[in-house]
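Biologist: Pick one part of this model and walk me through it closely, please. I'd like the cut-offs along the way.

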Amino acid sequence: MIPARPVLWISNPDADFCFPVSDLFMIILAVESSCDETAAAVVRDGTLILSSVVASQIDIHHRYGGVVPELASRRHLEALVPVTEEALAAAGLNAQQLDAVAATRGPGLVGALLVGFSFAKAYAYTLGIPFYGVNHLEGHIASLFLKAEAPEFPFAALLVSGGHSSLYHVRGHTDSELMGQTRDDAAGEAFDKVSKMLGLGYPGGAKIGELAEKGNPEKISFPRVWLDKSQHEFSFSGLKTAVGRYIQTHEEYREEIPDIAAGFQEAVVEVLSGKLLFAAEVKKCRTVALVGGVAANRRLREKIREDAGKKGLAVHIPPVSLCGDNAAMIAAAAYHYLQKGCATDWDADVYSRHKMPLSP
Ligand code: KG4
Ligand code: ZN
């Protein structure tokens with residue numbers, strides 16, 4: 001049980017949102033509501049998860065074949081307070097023991113983001129502690145520091161989720177450079193769309209991954225879309241179209257669904273791994289990392305470990321439980337801004353699209 005402690009924060013009158021930082025451990029409560037998961041977590045010193053609660057909305061959205069933004073916002077509104085209370089209770093803490101509150105600021109669905117962001121901001125304001133609006137993508141990168149062994153800087157990171165496929169040169173906790181991203185669909189989006197084409201439903205990534213285990217990845221060869229090999233950009237819409245064309249022109253495709261899944265997955269995985277290793281080579285990094293929802297894909301994890309192993313590179317991938325959206329990663333990212341002694345302005349707003357620089 002963590003004891004209640006005296007107030008650690010003294011507002012600096014010359015700089016509204018700067019605070020002296022204590023040497024003691026720092027406890028951050030974070031919430032995440034950028035898409036279809038309502039999550040809250042309590043994390044100590046950016047590394048130790050005291051609790052992490054994730055309430056999925058799949059049951060609401062799956063019948064529509066994708067996330068319905070308005071329904072997502074409404075469910076966040078219902079779930080946020082109980083999920084936060086559960087996270088605090090599971091951590092054995094009360095609100096007065098928190099040092100800061102954080103929330104995802106963007107990118108994501110604006111309505112969904114606003115629910116968590118406004119709630120967390122009000123919570124922090126009421127408690128008189130700083131608030132951190134965290135970039136969701138920076139949160140995914142920070143998930144690497146919630147596992148036992150943290151990566152050494154600098155490293156090349158591949159972030160693959162439902163909305164993003166991006167390569168970063170990560171030089172420090174609050175210092176990441178975007179090297180390149182997808183020109184069209186994100187990797188997770190391609191998994192979800194192919195799943196829909198095959199009648200497997202939403203969310204599709206995990207379903208394709210499971211079926212691919214039973215298929216032959218060499219039976220049907222789908223294109224590897226490298227674009228310009230010297231660039232750090234991706235494109236998955238052509239591959240998705242190739243799968244669609246195969247389905248339309250092969251009446252017997254239903255017999256081949258595991259092979260289609262395996263062939264598609266292999267085409268995605270090969271390019272993702274190849275481009276991550278190339279990014280590491282360009283930036284002379286000895287470490288590579290994989291994060292985001294698609295990082296849960298068993299074959300992708302295996303392929304990156306294999307390819308990086310051949311080059312003698314260290315590989316860091318969070319446990320599967322921290323690949324999908326969660327609030328622990330948001331707290332982990334916020335911790336480093338807390339250490340810098342700065343916080344997000346009280347009048348800050350959410351943003352739907354990715355922006356640089358990242359948080360707060
Ligand atoms: O990071 P995340 O939870 O949410 C976003 O920030 O988008 O990523 C969700 C994405 C979805 O597209 C989902 O289909 C994909 O991650 N995903 C997977 C797997 N598990 C989740 N994709 C491939 N293989 C998986 N095992
Ligand atoms: Zn995400």
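Modeller: Two strands pair if DSSP finds at least two bridges between them; strands (E, at least two residues) and helices (H or I, at least four) are DSSP runs numbered from the N terminus. This is a predicted model, where local features need pLDDT of at least 70, side-chain atom pairs count only at pLDDT 80 or more, and totals for chains, interfaces and linings use all residues. Residues are numbered from 1 along each chain as written, chains are lettered from A and ligands numbered from 1 in written order, and side-chain values use heavy atoms, leaving out hydrogens and water.

Let's take the open sheet: five strands, ordered β8-β7-β6-β9-β10, with mixed pairing. Its edges are β8 (175–181) and β10, each pairing on one side only. Neighbours are turned by 25° against each other on average, ignoring direction. β7 (165–172) runs antiparallel to β8, with six bridges joining them; in one of these strands, β8, Ser 176 is the bridge partner of Val 170.

Helix α8 packs on the sheet, touching β6 (155–160), β7, β8 and β9 (287–291), and its direction makes about 150° with that of β6. Contact here means heavy atoms within 4.5 Å; axes are lines fitted to C-alpha atoms, for helices over the stretch in contact, with angles from 0 to 180 degrees between N-to-C directions.
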